[in-house]
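Hello,

Here is the structure I said I would pass on. My notes on it follow below.

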Amino acid sequence: MKKLIIFISCLFLLTSAQAQDLKSWKGGATPPLALNGLNGKPLKLEDYRGKVVMVQFWATYCPPCLKEMPSMMRLQAKLAGKPFVILAVNMGETEKEVKDFLTKVNVDFTIMMDSDGKALGTWKVFVAPSTFLVDPKGNIRYVLQGGAEWDEPEYVTKISELMNTK
């Protein structure tokens with residue numbers, strides 16, 4: 001049932017306007033995020049302090065999620081060597097589903113597995129994709145619900161500005 005609701009949310013976003021604005025985060029403190037990576041290794045958001053972190057909640061069955069992945073790869077390439085990392089949190093799927101998907105779609109950012117959906121609840125994610133930009137101190141600064149072309153200049157500029165946050 002959870003997959004159906006998220007899929008319907010994805011379809012709605014696919015038909016909505018493509019231009020998305022980053023919204024300033026007004027949701028309070030950054031929730032904890034500690035999940036296993038696709039390789040089974042435990043990962044925590046706090047391990048990435050000192051870097052700007054894009055935390056993106058996604059699913060293999062979400063058309064806008066899939067559409068934006070190439071731009072995330074281009075963004076990662078543009079910011080190579082800078083304090084920036086992408087953590088792509090898969091929403092409730094099995095490792096097999098995600099690994100099968102990755103045989104068709106080439107991504108090399110870190111994938112975290114939220115198999116039981118607890119992080120979805122903690123982060124109050126109701127739409128896929130949902131993306132949070134976390135500053136080097138570990139504070140969420142921006143949120144975007146829906147897909148985006150992440151390598152567009154306005155996003156690159158905002159992320160670069162966050163890298164200079166002291």
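The lining of the largest pocket has 9 nonpolar, 2 polar and 5 charged residues. Here Ala, Val, Leu, Ile, Met, Phe, Trp, Tyr, Cys and Pro count as nonpolar, Asp, Glu, Lys and Arg as charged, and the others, Gly among them, as polar. A pocket is an open set of points on a 1 Å grid over the protein atoms alone, where a 1.4 Å probe fits, with protein on both sides within 12 Å along at least five of seven lines; lining residues have an atom within 4 Å of a point.

This is a predicted model: local features need pLDDT of at least 70, side-chain atom pairs count only at pLDDT 80 or more, and totals for chains, interfaces and linings use all residues. Residues are numbered from 1 along each chain as its sequence is written, and side-chain values use heavy atoms, with hydrogens and water left out.

The protein has 5 helices and 8 strands (DSSP runs numbered from the N terminus: H or I, at least four residues, for helices; E, at least two, for strands). Of its 166 residues, 49% are buried (under 20% relative accessible area, 1.4 Å probe, protein chains only).

In helix H5 (residues 153–163), the buried residues are Tyr-155, Val-156, Ile-159, Leu-162 and Met-163. Seen down the axis of H5, they fall within an arc of 125° and so line one face of the helix; the arc is that of the directions from the helix axis to the C-beta atoms. They pack against strand E4 (52–58), helix H2 (63–78), E5, strand E7 (130–134) and strand E8 (140–145).

Phe-57 is in contact (heavy atoms within 4.5 Å) with residues including Val-89, Trp-123 and Phe-132, leaving aside neighbours within four places in sequence.

Regards

How values were computed. Buried < 20%, exposed > 50% of the residue type's maximum accessible area, 1.4 Å probe, protein only.
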